[in-house]
Amino acid sequence: MKPLEFVVVLLCVLLGLGRGADLAFATDAATGLCTAGAVWWRYLALGAVVLAAVLAGRSRPLPPEPLRSRRPAAGVLAFAGAVCMLAAGAAQFVLAAGTVSTFVRILLEVACAVWLSSLGRSWLRRDGWKTPAGGLPLAIAGSALFYWNVLMRFMENSSSWHRVQPTAAVWQEMAALLLLAALARTLYLPRPENGRSLHAAALAAFCLCLCWELPRVLLLLAAGFGGGMAAVLPELLSGLALCCIGGMGLACTRKGKAGNN
């Protein structure tokens with residue numbers, strides 16, 4: 001890992017720690033409104049770290065060859081994300097209201113889980129790299145989940161500048177979408193410009209989908225163990241899947257040994 005990337009990763013971790021402290025001590029759990037300090041300082045910190053991650057990623061392309069090799073960390077995270085995604089879909093089917101948008105989201109979660117598991121299987125193979133099954137159409141279908149989630153958040157109109165979580169959630173969904181789309185382009189349509197886009201998307205996803213999301217997941221887990229697991233389970237599982245995708249993004253930036261196509 002280059003020094004610039006190490007600094008960005010450190011900034012992302014510090015941002016996550018700050019987010020955890022903010023949720024625990026300066027945010028109202030019921031409304032999501034900040035109880036201390038200006039909300040704009042939260043957005044400034046988040047925006048600055050995401051911008052640093054994108055610029056650091058754009059400074060150096062990730063070559064496609066190392067991604068076509070055995071990468072155990074990325075493979076395990078991809079499988080974990082697939083399991084969490086399937087579990088989130090099942091929890092919504094059982095617990096959530098049977099609306100059309102919920103049904104569409106469940107179908108897209110299944111597609112995303114299949115794409116992630118196919119990707120994870122390719123990264124964990126011991127007999128040499130094989131292109132993930134399903135091809136580009138499956139990768140597009142799996143990535144479409146996050147595009148749908150962004151649309152639904154705007155249609156529900158639940159975001160407010162004074163409630164950081166729903167606003168930042170749009171950024172998180174877009175970061176996951178860009179990472180999976182960049183991975184698909186790099187694996188199936190390798191071009192010189194794809195490497196920079198993938199590196200930037202990987203670091204941004206690590207920042208938004210793991211470091212920023214993990215404190216909220218831990219709070220949801222604590223709330224669930226406190227007696228409200230059924231109420232938070234779909235959101236908790238979706239958050240865990242997002243964390244796995246963010247971790248997968250960082251794992252993609254590590255050096256690997258080129259494999260066979």
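A salt bridge, as the term is used here, is a side-chain nitrogen of Lys or Arg within 4 Å of a carboxyl oxygen of Asp or Glu. In this structure, Arg19, Asp22 and Arg42 are linked in a network of such bridges. The model is a predicted one, in which local features need pLDDT of at least 70 and side-chain atom pairs count only at pLDDT 80 or more, while totals for chains, interfaces and linings use all residues. Residues are numbered from 1 along each chain as its sequence is written, and side-chain values use heavy atoms, with hydrogens and water left out.

The structure holds 7 salt bridges. Buried means under 20% relative accessible area, exposed over 50%, and partly exposed in between (1.4 Å probe, protein chains only). Arg19, at 3% relative accessibility, therefore counts as buried, and Asp22, at 10%, counts as buried too.

Another bridge joins the side chains of Arg60 and Glu5, at 2.6 Å from N to O. This pair links distant parts of the chain, since Arg60 sits in the loop between α2 and α3 (64–67) and Glu5 in helix α1, 55 residues apart. Arg60 is partly exposed, with a relative accessible area of 25%, whereas Glu5 is buried, with a relative accessible area of 4%. A further bridge connects Arg216 with Glu213, the closest N and O atoms being 2.8 Å apart; Arg216 is buried at 13% relative accessibility, and Glu213 is buried at 1%.

A nonpolar core is a set of buried Ala, Val, Leu, Ile, Met, Phe, Trp, Tyr and Cys residues joined through side-chain atoms within 4.5 Å. The largest such core has 59 residues, and those with the most contacts inside it are Met85, Trp123, Phe146, Leu183 and Met248. The elements that give two or more residues to this core include α1 (3–25), α5 (100–124) and α9 (214–252), while α7 gives the most, with 11 residues. Leaving aside neighbours within four places in sequence, Met248 is in contact (heavy atoms within 4.5 Å) with residues including Ala74, Leu116, Trp123 and Leu183. A second, separate core of 5 residues includes Val217, Val232, Leu236 and Cys243.

The structure also holds 2 aromatic pairs. Rings of Phe, Tyr and Trp (its six-membered ring) pair if their centres lie within 6.5 Å; planes under 30 degrees apart count as stacked, over 60 as edge-to-face and the rest as tilted. The rings of Trp40 and Tyr43 have their centres 6.1 Å apart and their planes at 45°, so this pair is tilted. Both residues lie in helix α2, 3 residues apart, yet Trp40 is partly exposed at 49% relative accessibility, whereas Tyr43 is buried at 9%. Trp115 and Tyr188 form a tilted pair as well, 6.3 Å centre to centre with 40° between the planes. Trp115 lies in helix α5 and Tyr188 in helix α7, so the pair ties together parts that are 73 residues apart in sequence, and both residues are buried.

Notes: Helices (H or I, at least four residues) and strands (E, at least two) are DSSP runs, numbered from the N terminus.
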